[in-house]
Amino acid sequence: QVQLVESGGGLVQAGESLRLSCAASGSIFSVYTMGWYRQVPGKQRDLVATITSAGSTNYADSVKGRFTISRDNAKNTVALQMTNLKPEDTAVYYCAADYSPTVLSGRRRSWGQGTQVTVSS
C-alpha cells in the first residue's frame with residue numbers, strides 16, 4: 001500500500017500563486033503516472049494535471065498556461081505550481097499515483113487525503 005501525503009493548500013486572493021506538494025511512501029516497486037485532481041462539493045472529481053515517469057504532461061484546458069506539474073522520480077514526489085489563481089480554482093485538490101507495489105503486481109491507484117485551496121475574489 002502506498003500513502004500519499006499532500007501539503008501546500010490554503011487561502012489566497014485572485015491572481016496570487018500557490019504550490020502543492022505530494023510525497024508517496026510505502027511499498028513501491030515503481031510509480032507510473034502521478035497527477036492532481038480537484039473536486040468541489042456536489043460535483044465529480046476532475047483531472048487538473050498529470051505527469052508520466054518520462055515527464056510527459058497533460059493539463060485540463062482551464063489551467064493550461066497557469067499551472068505547472070513537475071515530479072522527482074528519485075523521491076516519488078509530485079508538485080503543482082499554480083499561478084494567476086482564480087476563484088473558480090477553489091476546490092479540494094487530490095494527489096494521485098499509479099504504481100506497482102512489487103515487480104509481479106499489476107498497477108494500482110492511490111489517492112491522497114486532499115488539501116483545500118480557496119481563492120477569494
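## Salt bridges

At 66% relative accessibility, Asp61 counts as exposed, because the cut-off for that class is over 50%. The structure described in this report is a predicted model. The side chain of Asp61 forms a salt bridge with that of Lys64, at 3.1 Å from N to O. In total, the count of salt bridges comes to 4.

A further salt bridge joins the side chains of Asp89 and Arg38, with an N to O distance of 3.0 Å. Asp89 belongs to the loop between β8 (77-82) and β9, whereas Arg38 belongs to strand β4, so this pair ties together parts that are 51 residues apart in sequence. Both Asp89 and Arg38 are buried. These two residues are also linked with Arg66 in a network of salt bridges.

## The pair Asp98 and Arg109

The side chains of Asp98 and Arg109 meet in a salt bridge at 2.7 Å, N to O. Asp98 is located in strand β9 and Arg109 in strand β10 (residues 108-111), so the contact ties together parts that are 11 residues apart in sequence.

The two partners are described by separate accessibility values. Asp98 has a relative accessibility of 15% and counts as buried, because buried means under 20%. Arg109 has a relative accessible area of 40% and is partly exposed.

## The cavity

A search of the whole structure finds 1 cavity of 30 Å³ or more. The space in the largest cavity is about 30 Å³. Its lining consists of Thr33, Met34, Gly35, Tyr37, Thr50, Ala96, Ala97, Asp98 and Arg109. The elements that give two or more residues to this lining are β4 (30-39) and β9 (91-100). Strand β4 gives the most, with 4 residues.

By residue class, the lining of the largest cavity divides into 4 nonpolar, 3 polar and 2 charged residues. Asp98 and Arg109 are among the lining residues, and their side chains meet in the salt bridge described above.

Ser70 is part of strand β7, which covers residues 67-72. With a relative accessible area of 30%, Ser70 is partly exposed, because this value falls between the limits of 20% for buried and 50% for exposed.

Leaving aside residues up to four places away in sequence, Ser70 touches Arg19, Ile51, Thr77, Val78 and Ala79. Ser70 and Thr52 are 18 residues apart in sequence, and their C-alpha atoms are 9.6 Å apart in space.

Conventions
Residues are numbered from 1 along each chain as its sequence is written. This is a predicted model: local features need pLDDT of at least 70, side-chain atom pairs count only at pLDDT 80 or more; totals for chains, interfaces and linings use all residues. Side-chain values use heavy atoms; hydrogens and water are left out. On a 1 Å grid over the protein atoms alone, a cavity is a set of points where a 1.4 Å probe fits but cannot get out, and a pocket is an open set with protein on both sides within 12 Å along at least five of seven lines; lining residues have an atom within 4 Å of a point. Grid points are joined across faces, edges and corners, and a volume is the space filled by probe spheres set on the points. Ala, Val, Leu, Ile, Met, Phe, Trp, Tyr, Cys and Pro count as nonpolar, Asp, Glu, Lys and Arg as charged, and the others, Gly among them, as polar. Buried means under 20% relative accessible area, exposed over 50%, partly exposed in between (1.4 Å probe, protein chains only). Contact means heavy atoms within 4.5 Å.
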